[in-house]
Amino acid sequence: MIFYFSGTGNTRWVARQLAEATGEQLYNIAEELLSTDTPSYELQEHERIGFCFPTHGWQPPRIVRKFIRSLKFRNTTAEHYCYAVTTCGDSTGDTMTILNKELKAKGMKAVSVFSVLMPESYVCLPLMYTDTPAREQEKIAAARQQLKHICQSVTERRENITELTTGATPRLYSYVIGAYFNRYMINDRKFTVDTDVCTQCGRCQQVCPVGNIQGTPPVWQHNDSCTMCLACYHHCPVHAINYGNITRKRGQYYMKEKM
């Protein structure tokens, strides 16, 4: 089984290729949490357990950590192979170390971990922009080649693989900058919609992975469920959604299914 979370589609694209290579079932973490507060799964003999998610502020997304903390497995044995893949626009910091601390509380460990560089989607801070179209294609082409190796490694249950782009100062990224980011900047308070531009297509509501948007024009619920994945912003066909004023002249990106 492969558990994944994705906002703009990068991680979903990765997870689907892993599922195709291994023949294993995909579970959307956001959908699983919407259906139950205590997700529980029966493990088959020798089953692989994969976790795929984007790096958010050099940490695993809050929703992924919540899912793992509430997760229950039946028929857990040491014979199950656990691995993790994170997508990132630049670097991961100590994301996988933090993930394995969460998994340790469940008696598990991702014995092989990988990061996949994908097009940038976080645009809510100064000097943070989407990649140029050429850079997007360059990253996707490289990721496609890398995934062949990752899929083979997972299929063959290879252990003790650590292939991560952690950055120059991973502890600073994850435990100082990332800790502040994930504590104080993951919320929907600054999202706005230009009602004179909005076409009321409902796309933002459809793509929000946590069901945080209601109605057209969109209304954010301010119920602490927002993951700041920016799916609503990037999927808006007329750029009517913004995060404060900082995104008004910035680009949009999401992974097209044809990729």
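Predicted model: local features only at pLDDT ≥ 70, side-chain atom pairs only at ≥ 80, totals over all residues.
Start with the helices. Two packed helices are described by the angle between their axes and the distance between the axes. For helix H1 (residues 10–22) and helix H5 (residues 133–155), the axes come within 10 Å and cross at roughly 40°. That angle makes H1 oblique to H5. As for handedness, the crossing of H1 and H5 is right-handed. On the H1 side, the residues that meet H5 are Trp13, Val14, Gln17, Leu18, Ala21 and Thr22. Their partners in H5 are Ile140, Ala143, Arg144, Leu147, Ile150, Cys151, Val154 and Thr155. Sorted by class, this contact of H1 with H5 has ten nonpolar residues, three polar ones and one charged residue.

H5 also holds Gln146. With 24% relative accessibility, Gln146 counts as partly exposed. Setting aside neighbours within four places in sequence, Gln146 is in contact with Ser115, Val116 and Leu117.

Helix H4 (residues 95–104) is a matter of burial. Seven of its ten residues are buried, so H4 is largely enclosed by the rest of the structure. The buried set consists of Thr95, Met96, Ile98, Leu99, Asn100, Glu102 and Leu103.

Next come the aromatic rings. A pair of aromatic rings is described by the distance of the centres and the angle of the planes. The count of aromatic pairs comes to 14. One of them joins Tyr180 and Tyr184, a tilted pair with 4.9 Å centre to centre and 45° between the planes. Both tyrosines sit in helix H6 (residues 170–184), and because they are four residues apart there, about one helical turn separates them. Tyr184 counts as partly exposed, since its relative accessibility is 44%. Elsewhere, ring pairs link Phe3, Tyr27, Tyr41, Phe51, Phe67 and Phe73 into a cluster.

The backbone has a few spots worth a look. Most residues other than glycine have a negative phi, and most peptide bonds are trans. Against that background, the peptide bond from Thr216 to Pro217 is cis, with omega near -5°. Pro217 lies in the loop between strand S10 (213–214) and strand S11 (219–220). Further along, Asp224 has a positive phi of about 70°, although it is not a glycine. Asp224 is found in the loop between S11 and helix H8 (231–235). With 69% relative accessibility, Asp224 counts as exposed. His239 is another non-glycine residue with a positive phi, here about 55°. The loop that holds His239 runs between H8 and strand S12 (241–243).

Terms used. Residues numbered from 1 in each chain as written. Heavy atoms only, no water. Axes fitted to C-alpha atoms, helices over the stretch in contact; angles between N-to-C directions. Helix = DSSP H or I, 4+ residues; strand = E, 2+ residues; numbered from the N terminus. Parallel < 35°, antiparallel > 145°, perpendicular 65-115°, else oblique. Left-handed = near helix turned anticlockwise from the far one by under 90°. Contact = heavy atoms within 4.5 Å. Nonpolar A, V, L, I, M, F, W, Y, C, P; charged D, E, K, R; others polar. Phe/Tyr/Trp six-rings, centres within 6.5 Å; stacked < 30°, edge-to-face > 60°. Buried < 20%, exposed > 50% of the residue type's maximum accessible area, 1.4 Å probe, protein only.
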